[in-house]
Amino acid sequence: MYNKMEIISWVDKLMIKLSSRISEISPSMTLAISAKANELKAAGEKVISFGVGEPDFATPAHIVQAAKDALDAGKTKYVAAAGLPALKKAVCEKLKKDNNLDYEPSQIIISNGAKHPIFNALFATIEEGDEVLIPKPYWLTYPEVVKSCGGVPVYIYATPRHGYKVTAAQVEAMITPKTKMLIFNSPCNPTGAVYTESEIRAIAEVCLKHNIIVLSDEIYEKLIYGGESHFSIAAVSPEMKENTIVINGWSKSYAMTGWRIGYLAAPKHVAKAIASFQSHSTSNVNTMTQFAAIAALEGDQQPMYDMIKAFGERREAMLAELENMKALGFDYVKPDGAFYVMLLCYNFYGKSFEGKKIAGSMDMCDALLSYEKVAATPGICFGDDDAIRLSYALSMEDMLEGLRRIAHFVTLLK
Ligand SMILES: Cc1ncc(COP(=O)(O)O)c(C=O)c1O
């Protein structure tokens, strides 16, 4: 017979030791909230979710049909690891038409969603200890990908007072001899901030001066409201294009989150290296999805315009409600893009409900879920505890009801 201590010591020895690289990765802070929301839903509660990070629209029918046609035509085999030539050509045409960027198909790598090319781009360029500048609030994946590639995230605070945008001077002030890259995201998740062309040109100038690579995540490019238009930082000049890796995809513009397809456009030597790496890591994105992605780019764009219009109407309605909610102590910055708004809640921190103190955005979201059955994402997940993120990728009716519940909740705080 073995004693308990001997067994524990064997288990300890046998247990797989995690690499230091993966131990650096933080668990998702949104998990507890979404698990609780799911529990409440399963118990039959009507939970209103402002947490959604994807369009609540179906993928347009002609795109779905293209995937079905591809399957019927037997397009079920391996294809080139970096993507179907016809798809890469369609992406080049899109980049020319929408962004005034000239790329050759060999500079395009098709990957799993927009997340995967972000990882590929950092893996290809970041050395151990390199600093990567990230405007904060940030999309929560960026710091984790930076760390997983051996880099060090360095945050630049984008304040509500400045429309949640960083200036070129702020970027320059954070540059050290170790700075390798700036991750730039316009329109931005979570703030909805959209940088103007002149703001982008000023940031590009600083990056070129200090030889800083820009990773430009343009996944929300099509979701812009109120007159602004998207300008890719790579379009600033030929030099800037050589200094930039553009990330984009189909998830948000074509309501294709579950299809898992996105791309990067990069200087030739970078794309070549990433193509080799991808051929050994994931190989090609599933073949029928690539046919669907061609149909998305080349087919009818009206469903996308209809979706953008619906988001625009919800945004207007949401902002009108938030304006009224200012009287209760809330504040917000008008977002020009994506489908999110940061609702500033710091005025309520320190107050309590039923003896439970609201110390920050996590407590605020927890309490909203428990008492009002409203799910939202704590700002702390994006590096900003002052706010909670509300997505307007939900029906107008639910959105208005959810906002009423949030407004009601704060009237109960003591
Ligand atoms: C800013 C940003 N970049 C990239 C992605 C990843 O998109 P995908 O689902 O295509 O991987 C997201 C998804 O939420 C995002 O918000």
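Visitor: What should I know about the numbering and cut-offs?
Guide: Residues are numbered from 1 along each chain as its sequence is written, and side-chain values use heavy atoms, with hydrogens and water left out. The model is predicted, so local features need pLDDT of at least 70 and side-chain atom pairs count only at pLDDT 80 or more, while totals for chains, interfaces and linings use all residues.

Visitor: How many salt bridges does the count come to?
Guide: The count is 23 salt bridges. A salt bridge here is a side-chain nitrogen of Lys or Arg within 4 Å of a carboxyl oxygen of Asp or Glu.

Visitor: Which residue does Arg314 meet in a salt bridge?
Guide: Arg314 meets Asp56, at 3.1 Å from N to O. The two are 258 residues apart: Arg314 is in helix H13 (residues 302-325), and Asp56 is in the loop between strand E1 (48-49) and helix H4 (61-72). Helices (H or I, at least four residues) and strands (E, at least two) are DSSP runs, numbered from the N terminus.

Visitor: Is Arg314 buried or exposed?
Guide: Arg314 counts as buried, at 8% relative accessibility. Asp56 is partly exposed at 35%. Buried means under 20% relative accessible area, exposed over 50%, and partly exposed in between, with a 1.4 Å probe and protein chains only.

Visitor: And what does Lys180 form a salt bridge with?
Guide: Its partner is Asp130, with the closest N and O atoms 3.1 Å apart. Lys180 lies in strand E5 (residues 179-185) and Asp130 in the loop between helix H6 (115-125) and strand E3 (131-136), so the pair ties together parts that are 50 residues apart in sequence. Lys180 is partly exposed at 24%, and Asp130 is buried at 13%.

Visitor: On to the ligand. How many residues surround it?
Guide: The ligand has 13 residues around it, and the closest are Ala114, Asp217, Ser251, Lys252 and Arg260. A residue counts as near if one of its heavy atoms lies within 4 Å of the molecule.

Visitor: Which polar atoms lie by the ligand oxygens?
Guide: A polar side-chain atom of Arg260 is 2.7 Å from a ligand oxygen. For Asn189, a polar side-chain atom is at 2.8 Å from a ligand oxygen. Lys115 contributes a polar backbone atom, 3.0 Å from an oxygen of the ligand.

Visitor: How much of the ligand's accessible area does the protein cover?
Guide: The protein covers 92% of the 390 Å² that the ligand has on its own. Accessible areas come from the Shrake-Rupley method with a 1.4 Å probe, and for residues only the protein chains shown count as cover.

Visitor: Asn189 again: which kind of peptide bond joins it to Pro190?
Guide: A cis bond, with omega about 25 degrees. The peptide bond from Ser186 to Pro187 is also cis, with omega near -10 degrees. Pro187 is in the loop between E5 and helix H9 (197-209), and Pro190 is in the loop between E5 and H9 as well.

Visitor: Where is Ala338, the one with positive phi?
Guide: Ala338 lies in the loop between E9 and E10. Its phi is near 60 degrees, and it is not a glycine. Ala338 is buried, with 0% relative accessible area.

Visitor: What is the strand order in the open sheet with E9 and E10?
Guide: The order is E9-E10-E15-E14, an open sheet of 4 strands with antiparallel pairing. Strands pair if DSSP finds at least two bridges between them. The edge strands are E9 (331-332) and E14 (377-378), each pairing on one side only.

Visitor: How many bridges pair E10 and E15?
Guide: Strand E10 (residues 340-344) and strand E15 (residues 387-391) pair over 5 bridges. Tyr340 stands opposite Ser391, and Val341 is opposite Leu390. E14 joins E15 by 2 bridges, and Pro378 has Ile388 as its bridge partner there.

Visitor: Which way do the E15 residues point?
Guide: Ala387, Arg389 and Ser391 point one way, Ile388 and Leu390 the other, and all are buried.

Note on methods. Polar contact = N/O pair within 3.5 Å; in protein donor to acceptor, adjacent residues only side chain to side chain.
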